[in-house]
Amino acid sequence: MMKVIKRDGTKEWFNYSKIYDAVNAAFKECKQEIPESFAKELEQSFKFDNPRDEKGKLIPLTIESIQDRIENLLYDGGYKDVYRAFMLYRYEHKLTREYVKTQKEFIKKYVEATYEYMSLEYKTFEEYLLEADEIIYAT
């Protein structure tokens with residue numbers, strides 16, 4: 001059994017059902033069912049041990065390389081609409097990941113700046129909350 005390197009750098013065991021589900025979703029998006037012949041070809045293309053380079057060193061299997069392989073199979077198989085749907089899905093999720101990352105960074109900086117400000121004005125976070133409550137209830 002092989003491991004896959006996820007986008008965040010962590011590793012998890014390879015799970016073919018995730019691949020099938022993603023491809024199935026792309027076919028459904030195009031209002032099609034996965035042809036049995038393509039499903040078999042897809043499964044066969046992922047029945048391998050981690051590939052090795054010419055020196056015998058393991059070549060890591062990544063989420064990106066799996067998705068690239070899926071795109072190649074769809075394109076080579078003539079499933080152009082499904083290929084486009086899968087590419088669009090990938091792109092939209094990439095944008096979502098980038099947006100979420102940006103928002104997390106913003107929130108982290110905001111919290112750090114707020115905490116730094118609070119530490120200048122208040123001894124504890126509880127003191128800050130008490131004053132904030134007093135201001136809220138006073139209005």
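Which residues of H1 are buried? Keep that in mind as you start the tour; the model on your screen is a predicted one.

**Stop 1: helix H1.** Select residues 16–29, which make up H1. Now pick out Ile19, Val23, Asn24, Ala26 and Phe27: these are the buried residues of the helix. Turn the view to look down the axis of H1, and you'll find them within an arc of 160°, so they line one face of the helix. In an α-helix, residues three or four places apart point the same way, because there are 3.6 residues a turn. Then step just past H1 to Lys31, which has a positive phi of about 55°.

**Stop 2: the aromatic rings.** There are 5 aromatic pairs to look for. Go to Phe14 and Phe46, whose rings are stacked, with 6.0 Å centre to centre and 25° between the planes. Phe14 sits in the loop between strand E2 (11–13) and H1, while Phe46 is in the loop between helix H2 (36–45) and strand E3 (61–62), so this pair links distant parts of the chain, 32 residues apart. Both Phe14 and Phe46 are buried. Next, select Phe27, Phe38 and Tyr79, a cluster linked by ring pairs.

Stop 3: Finish with Phe106, Ile107, Tyr110 and Val111, which make a nonpolar surface patch of about 440 Å². Zoom in on Val111, in helix H4 (residues 80–121). Val111 counts as partly exposed because its relative accessibility is 47%.

Note on methods. Residues are numbered from 1 along each chain as its sequence is written. This is a predicted model: local features need pLDDT of at least 70, side-chain atom pairs count only at pLDDT 80 or more; totals for chains, interfaces and linings use all residues. Side-chain values use heavy atoms; hydrogens and water are left out. Patches are made of residues with over 30% relative accessible area and no salt bridge: like charges are joined within 9 Å, nonpolar side chains (Val, Leu, Ile, Met, Phe, Trp, Tyr) within 5 Å. Accessible areas come from the Shrake-Rupley method with a 1.4 Å probe; for residues, only the protein chains shown count as cover. A salt bridge is a side-chain nitrogen of Lys or Arg within 4 Å of a carboxyl oxygen of Asp or Glu. Helices (H or I, at least four residues) and strands (E, at least two) are DSSP runs, numbered from the N terminus. Buried means under 20% relative accessible area, exposed over 50%, partly exposed in between (1.4 Å probe, protein chains only). The expected span of a helix is 1.5 Å times one less than its number of residues. The arc is that of the directions from the helix axis to the C-beta atoms. Rings of Phe, Tyr and Trp (its six-membered ring) pair if their centres lie within 6.5 Å; planes under 30 degrees apart count as stacked, over 60 as edge-to-face and the rest as tilted.
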